[in-house]
Amino acid sequence: MPNSLVNLLDRAFNKRSWHGANLMGTIRGVQVRQAKKRVSGRKTIWEQLLHAAYWKNVVIRKLSGQGAMERKGSNWLKMPRPGNEKQWKDDLTMLRELHRKLRGIVAEMSAKMSQKDTWLIQGAAFHDIYHAGQIKLLRRLMK
């Protein structure tokens, strides 16, 4: 079961899938100005990214007992100020590292994974896909 769950996580995050863009696919090519642009009062692309990172960290903590994220806050984290290119790249790197850590934990879990763990991991993948859709919508609204 864990290998199929790693595959599910990866397809939602950065691997090719039949459903279209995954989370990293929707962020590909996004520049800082786009990432922090607020459209019609909606969350920004950057806020979507930070939210996805926060919840990956929650799943990591629930599965392993150790959090991996140093940022303060919960759920909808604030974008860093002033919101420059380096900060954007740092947050992209943080999201990638959290994904790498999560997939590593899932890959190492034994066959005695509980149904609750499986449900949590599937939810993490579905969460990435949901926010990929939100980011796609934001990018379309910016055109």
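## Helix 4 against helix 6

In this predicted model, helix 4 and helix 6 run roughly antiparallel to each other, because their axes cross at roughly 175°, and an angle over 145 degrees counts as roughly antiparallel. The two axes come within 10 Å.

On the helix 4 side, the residues that meet helix 6 are Ile45, Gln48, His51, Ala52, Trp55, Lys56, Val59, Lys62 and Leu63. Their partners in helix 6 include Asp117, Leu120, Ile121, Ala124, His127 and Asp128, and also His131, Gln134, Ile135, Leu138, Arg139 and Met142. Sorted by class, this contact comprises 11 nonpolar, five polar and five charged residues.

## Helix 4 itself

Helix 4 covers residues 45-64, and its 20 residues reach 29 Å from the first C-alpha to the last, close to the 28 Å expected at 1.5 Å a residue. Because 16 of these 20 residues are buried, helix 4 is largely enclosed by the rest of the structure. Just after helix 4 comes Gly65, which takes a positive phi of about 80°.

## The largest nonpolar core

The largest nonpolar core has 43 residues, of which Ile27, Leu63, Trp88, Leu95, Leu102, Val106 and Ile121 touch the most other members. At least two residues of this core come from each of helix 1 (2-13), helix 2 (23-27), helix 3 (32-35), helix 4, helix 5 (85-108) and helix 6 (115-142). Helix 4 gives the most, with 11 residues.

Terms used: Residues numbered from 1 in each chain as written. Predicted model: local features only at pLDDT ≥ 70, side-chain atom pairs only at ≥ 80, totals over all residues. Heavy atoms only, no water. Helix = DSSP H or I, 4+ residues; strand = E, 2+ residues; numbered from the N terminus. Expected span 1.5 Å × (residues − 1). Buried < 20%, exposed > 50% of the residue type's maximum accessible area, 1.4 Å probe, protein only. Core = buried A, V, L, I, M, F, W, Y, C linked by side-chain atoms within 4.5 Å. Axes fitted to C-alpha atoms, helices over the stretch in contact; angles between N-to-C directions. Parallel < 35°, antiparallel > 145°, perpendicular 65-115°, else oblique. Contact = heavy atoms within 4.5 Å. Nonpolar A, V, L, I, M, F, W, Y, C, P; charged D, E, K, R; others polar.
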